[in-house]
Amino acid sequence: MDASDTTLLKVYRKNKNQGLELLYDRYKKYIYTIAYHYTGNKEDALDLTQEVFLSIFRSLDRFDDSFSMLPWIKRITVNKCLNYLRDKKDILSLNQTNESGQEIQELLPSSNQTEEATLYLDTKETLTKAIHALPAEERMALILRHMKGMKYEEIAKIMGVPLGTVKTYLHRGRKSLKTSLSKDGLWER
């Protein structure tokens, strides 16, 4: 186990409140980043981050300190994200904000934007829609691989699937993205 995780658990066992604060400070950005890339909006990412921490806090007393905390935390985060997608209703609000605090309606092209900026925003929006249209497992594998830079073995462990399945998810996800982007004229065959 990482030395700082060992220290964190020692502090937690002596003073639960202080230990929980340290745990939160250490992992909040990491968990939020995964949740944000999965949900695509700030509010849902914050809600998921809170749910992940509630799960962690509830089960921390049973955590086996002979293991590293990060894979355990990643697994909880991935499960919460998958549950979110399973339960999510496809509601889009133009008032939703992105990570930088901009509302979606602000990202829509206006007449005073240059052609280049408009093309960039259109491409980004199309890519985001294509990613969110993927099946949950394929989307998670792509996010962990390409946005988090994880190795295939790490992804397999986090998602709880064999290595070959991760490769299949990535292959199918990339193929679906290519097809979707080709239809929108953003990918040349």
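The buried residues of helix α3 pack against α2 (16-39) and α4 (69-87) in this predicted model. Residues are numbered from 1 along each chain as its sequence is written. Local features need pLDDT of at least 70 and side-chain atom pairs count only at pLDDT 80 or more, whereas totals for chains, interfaces and linings use all residues, and side-chain values use heavy atoms, with hydrogens and water left out.

Helix α3 covers residues 42-59. Helices and strands are DSSP runs numbered from the N terminus (H or I, at least four residues, for helices; E, at least two, for strands). The 18 residues of α3 reach 26 Å from the first C-alpha to the last, close to the 26 Å expected at 1.5 Å a residue. The expected span is 1.5 Å times one less than the number of residues in the helix. The buried residues of α3 are Ala45, Leu48, Thr49, Val52, Phe53, Ser55, Ile56 and Ser59. They cover an arc of only 160° around the axis, which puts them on the same side of α3. The arc is that of the directions from the helix axis to the C-beta atoms. Buried means under 20% relative accessible area, exposed over 50%, and partly exposed in between (1.4 Å probe, protein chains only). The face turned away from the buried side carries the exposed residues Gln50 and Arg58. At the start of α3, a side-chain oxygen of Asn41 reaches to within 3.3 Å of the backbone nitrogen of Glu43.

Leaving aside neighbours within four places in sequence, Ser55 is in contact with Ile76 and Lys80 (contact: heavy atoms within 4.5 Å). Asp47 is also found in α3. Asp47 counts as partly exposed because its relative accessibility is 41%.

The 19 residues of α4 should span 27 Å at 1.5 Å a residue, and its end C-alpha atoms are 27 Å apart, which agrees. Met69 also relates to α1 by distance. Thr6 lies in helix α1. At 30% relative accessibility, Thr6 counts as partly exposed. Thr6 and Met69 are 63 residues apart along the chain, and their C-alpha atoms are separated by 9.1 Å.

Met69 and Met159 touch the most other members of the largest nonpolar core, which has 48 residues. A nonpolar core is a set of buried Ala, Val, Leu, Ile, Met, Phe, Trp, Tyr and Cys residues joined through side-chain atoms within 4.5 Å. The elements that give two or more residues to this core are α1 (3-14), α2, α3, α4, α6 (115-132), α7 (136-147), α8 (152-159) and α9 (163-183). The largest share, ten residues, comes from α2. The core draws at least three residues from each of domain 1 (1-93) and domain 2 (114-188). Domain bounds come from an automatic or database domain assignment.

Met159 touches Arg75, Val78, Glu137, Met140, Ala141, Leu144 and Tyr169, not counting residues up to four places away in sequence. Among these, Glu137 is found in helix α7. Glu137 counts as partly exposed, at 33% relative accessibility. With residues up to four places away in sequence not counted, Glu137 touches Met159 and Tyr169. Glu137 and Gly173 are 36 residues apart in sequence and 8.9 Å apart in space, C-alpha to C-alpha.

Both Tyr169 and Gly173 are buried in α9, as are Val166, Leu170, Leu177, Leu181 and Ser182. The 21 residues of α9 should span 30 Å at 1.5 Å a residue, and the end C-alpha atoms are 30 Å apart, which agrees.

Overall, the protein has nine helices and zero strands. Of its 189 residues, 37% count as buried. Residues 24 or more positions apart account for 58% of the contacts with a separation of 6 or more.

Methods. A polar contact is a pair of N or O atoms within 3.5 Å; within protein, one must be able to donate a hydrogen and the other to accept it, and residues adjacent in sequence count only if both atoms are side-chain atoms.
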